[in-house]
Amino acid sequence: GVEAGGFAEVYPTDWLRVRGELRHGFRAHSGFVADVAADAFYDVTPHIRISGGPRASFASKDYFETYYGVNAREAAASGLSEYQPDGGGLKSLGVGGAVTWKVTDAFTSSVFAEYASLKGAAADSSLVRERGSRNQFTIGLSSTYRFDFTLD
């Protein structure tokens, strides 16, 4: 699936970033997902930054139905119990952290890890209760290249 949306982030202090994003799904789901994070960060060197903090994720009923619902046909094929999410709301709470390397002024690379505990309709799903876990772990690598251009 594809999600499109936007984000905003603010730096209330020189060591804290608060970020919120809202995305709408296309193709795979037609729901909304909202993520909120707060990260404290510290520059170990001029090129290495560590950061981390709490995370929260929210989703609409359409999102939960697509990714956590189990209809009668799916239940018969998989052996899972049928499950119909009641509505939208809190999807997960967790914590995340990253180490970011500023390779050049335009190029950065990061390694990150996050833990999320599924809540609400996600945690109640038969997919999670019967075959999965409320505890979700993510690790990854990312790279970013910033194109600097101006319009005169």
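How exposed is Glu3, in terms of relative accessibility? Glu3 comes in at 33% relative accessibility, which puts it in the partly exposed class. Keep in mind that this is a predicted model.

## Overall build

Let's start with the fold. The protein has four helices and seven strands. Going along the sequence, they line up as β-β-β-β-α-α-β-β-α-α-β. The radius of gyration is 19 Å, well over the 15 Å that the globule rule gives for 152 residues, so the protein is more spread out than a compact globule. Along the principal axes, the C-alpha atoms fill a box of roughly 55 × 35 × 25 Å.

What share of the contacts links residues 24 or more positions apart? Counting contacts with a separation of 6 or more, such pairs make up 51%.

## Surface and charge

Of the 152 residues, 28% count as buried.

## Arg23 and its two partners

The whole structure holds 13 salt bridges. One of them pairs the side chains of Arg23 and Glu3, at 2.6 Å from N to O. Arg23 belongs to strand β2 (residues 16-26) and Glu3 to strand β1 (residues 2-13), so this bridge ties together parts that are 20 residues apart in sequence.

Arg23 has another partner too: its side chain meets that of Glu21 in a salt bridge, again with 2.6 Å from N to O. Glu21, at 23%, counts as partly exposed, and so does Glu3, at 33%.

Another salt bridge brings together the side chains of Arg146 and Asp148, at 2.9 Å from N to O. Arg146 is partly exposed, at 42% relative accessible area, while Asp148 is exposed, at 61%. Elsewhere, salt bridges with shared partners join Glu3, Glu9, Arg19, Glu21, Arg23 and Asp35 into one network. Both of the Arg23 partners described above, Glu3 and Glu21, are members of that network.

Where does Arg27 sit? You'll find Arg27 in the loop between β2 and β3 (32-43). Its phi is near 75°, a positive value in a residue other than glycine. Arg27 is also exposed, with a relative accessible area of 82%.

Then there's Phe149, in the segment after β7 (135-145). From Phe149 to Ile48 the distance is 25 Å, C-alpha to C-alpha, and the two are 101 residues apart in sequence.

Note on methods: Residues are numbered from 1 along each chain as its sequence is written. This is a predicted model: local features need pLDDT of at least 70, side-chain atom pairs count only at pLDDT 80 or more; totals for chains, interfaces and linings use all residues. Side-chain values use heavy atoms; hydrogens and water are left out. A salt bridge is a side-chain nitrogen of Lys or Arg within 4 Å of a carboxyl oxygen of Asp or Glu. Helices (H or I, at least four residues) and strands (E, at least two) are DSSP runs, numbered from the N terminus. Buried means under 20% relative accessible area, exposed over 50%, partly exposed in between (1.4 Å probe, protein chains only). The radius of gyration is taken over C-alpha atoms; the globule rule is 2.2 Å times the number of residues to the power 0.38. Contact means heavy atoms within 4.5 Å.
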